[in-house]
Amino acid sequence: MWLNDETKLKEILNRLVNVPSVSGTTKERGMAEEVYNIMSEIPYFQENQELLNLKKLPYDDLDRYYVTALLKGKGSKTVILLHHHDVVDIEDFGSLREYAFNPEKITEKMADFDLPEEARKDLETGEWLFGRGVMDMKSGAALQIALMHDYSHKINEFDGNIVLVSVPDEENNSEGILSAVPHLVELRDKHDLEYISVIKSESHQPDSEGKNDIAIGSIGKILPLFYCFGKETHAGNPFGGLNSSLIFSQVEALMEKSPEFCDEFKGELTPPPVNLKLNDLRGVYNVTTPQVTIGYYNVMTINSSPYDVLEKMKSIAKQALDNSIEIYNQRYDGFQNLAPDGVENSWGVSEKASLNWEPKVYTFEELYNSAYKAWGDDFLNDYNETAEQLKESVKDEREYSIHLVNKAHDYCPDRNPKIVLAFLPPFYPHVKNNRETEKEQFILDVVENIKKETREKFGLEYKVTEFFKGISDLSFFYVPESEDIANYMNPNMPALNRVYRLPIEDISKLDVSVVNVGPVGKDAHQYTERLYLPFFTQKAPQILEIAVNEVLNYNTKQ
Ligand SMILES: [Zn+2]
């Protein structure tokens, strides 16, 4: 058996880490192939080839694949084992970059490297393995693959089915799982499966008291865009316009780290928003003030729906416009005191622009509708044509969206300063356990049993956290607010169904509870990323087995 074979587990881990599957690159292709190859070495899948699938992402320029494998046992109860096989880039490894995907080599080389104290201590114990992906999350992937092997040998001994899903792009846009979800629905219908729970095996770092972590939810993420349109003016006549940079600066002052956006659920808090991008839409230098400045934010959720976030964005945008006008007026008054008659120069007099604008806040939906109302099919044709052309020239989904907002705005009859609000990809719905459905109640029992069994077996203490704090693909297994998403997210997301897909209907068909339980590691996404080997080879395999068995006990417990 693979799960209790230390050498085999390390061998699988090595094979997985050796493939440099950096997220958002063509290298992810080789990774899906390697997962497929390892799975093909399992006799069960040699005999049942149709149950092992290497599937192409349907809308993907990078030609990437995901893998699914179904162990068909008795009955319909089914547990899904989910992992991602991409990793973040290796820039931070510096001169050690060439060894980042060779765990043994890099662990050796780390000795000569300048390490933070904790990492050095861990290294000296000889119990930690370094390398990109060892923690996040190829160790979890190796455990799931090993479990598939072992259970395939005792297919007649348990009630239920197991589906393994191995996806790319989790660290990027989650295109992998978004493509896999419709296939999971197909599998369910074809083989008459009843999905009970998804188990993901991301590693965790025990807390300061040494407690391990099981998460029963996953944090959500929304990316709101503020498109600020000012009134341009020549630098020689500053009061002739309203600078879009000033408008955005007021948005930023109100949005950045604002506790107003923090959600709380059962004592756990989401972090406040941060700005991820700010720029004007001008390609070249000139002495006119920029007409458009955009910025977007990372907003984490556990309660707030797209509607809630949109309402908060509206009030911030309104306030930002008011503040900008106020600053403009104050500065004008100050300038007036210096030069009561105005200052003449070759651009004319630095006069107050006729501030009879009524700066407005638009949602993208409102902007789009106003453009359509004014121009009808002329707008629609140009907009759709642009959307098609941009697919070729603009590869970043966020940038693509901003171009479309800009295009719609070209047709908006209101040319006054304004802020347009939109949503950018990716969007991760939050998943939390509300203690409402039968499956939610059930997963709480499962978790209690895992805690009890691991305490008895290993003397381990687990604490249950309400949500996994890193963004994760678990977001796409359960959508609590599909109506809200349809009404407020979809019409305000220009990239949707063009370069970004959100199979909400399929997700609501899955409707499963989620749990994350995995190995122990430290410093994911850093060059000191490392895996604690004794836990990985001796405890994590049995803990995963316990979790799978508990989930497959579903019906018998009802
Ligand atoms: Zn991960």
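In which sense do S4 and strand S20 pair, and over how many bridges? S4 and strand S20 (residues 530–532) pair in the antiparallel sense, over three bridges, where two strands count as paired if DSSP finds at least two bridges between them.

## Basis of the description

This is a predicted model, in which local features need pLDDT of at least 70 and side-chain atom pairs count only at pLDDT 80 or more, while totals for chains, interfaces and linings use all residues. Residues are numbered from 1 along each chain as its sequence is written.

## Overall build

The secondary structure comprises 17 helices and 20 strands, these being DSSP runs numbered from the N terminus (helices H or I, at least four residues; strands E, at least two). The radius of gyration, taken over C-alpha atoms, is 27 Å, close to the 24 Å that the globule rule gives for 558 residues, so the protein is as compact as a globular protein of that length; the rule is 2.2 Å times the number of residues to the power 0.38.

Of the 558 residues, 47% count as buried, a class that requires 20 or more other C-beta atoms within 10 Å of the residue's own, whereas exposed means 12 or fewer and partly exposed lies in between, with C-beta atoms placed from the backbone.

## The three-stranded sheet

Three strands form an open, antiparallel sheet in the order S4-S20-S19. Strand S4 (128–130) and strand S19 (521–522) stand at the edges with a single partner strand each, so one side of each is left without a neighbour in the sheet. Helix H16 (residues 533–552) packs on this sheet, touching S4 and S20, and its direction makes about 45° with that of S20; contact here means C-beta atoms, placed from the backbone, within 7 Å, and angles run from 0 to 180 degrees between N-to-C directions of lines fitted to C-alpha atoms, for helices over the stretch in contact.

## The five-stranded sheet

Five strands form an open sheet of mixed pairing, ordered S11-S12-S8-S16-S15, with strand S11 (274–280) and strand S15 (360–363) as the edge strands and a twist that averages 20° from one strand to the next. S15 and strand S16 (residues 418–428) pair in the parallel sense over four bridges, and isoleucine 419 in S16 is the bridge partner of valine 361.

Helix H10 (residues 364–375) lies across S15 and S16, at about 90° to S15, while helix H8 (residues 244–255) lies across S8, S11, S12 and S16, running at about 15° to S12.

Definitions and conventions
Two residues are in contact if their C-beta atoms, placed from the backbone, lie within 7 Å.
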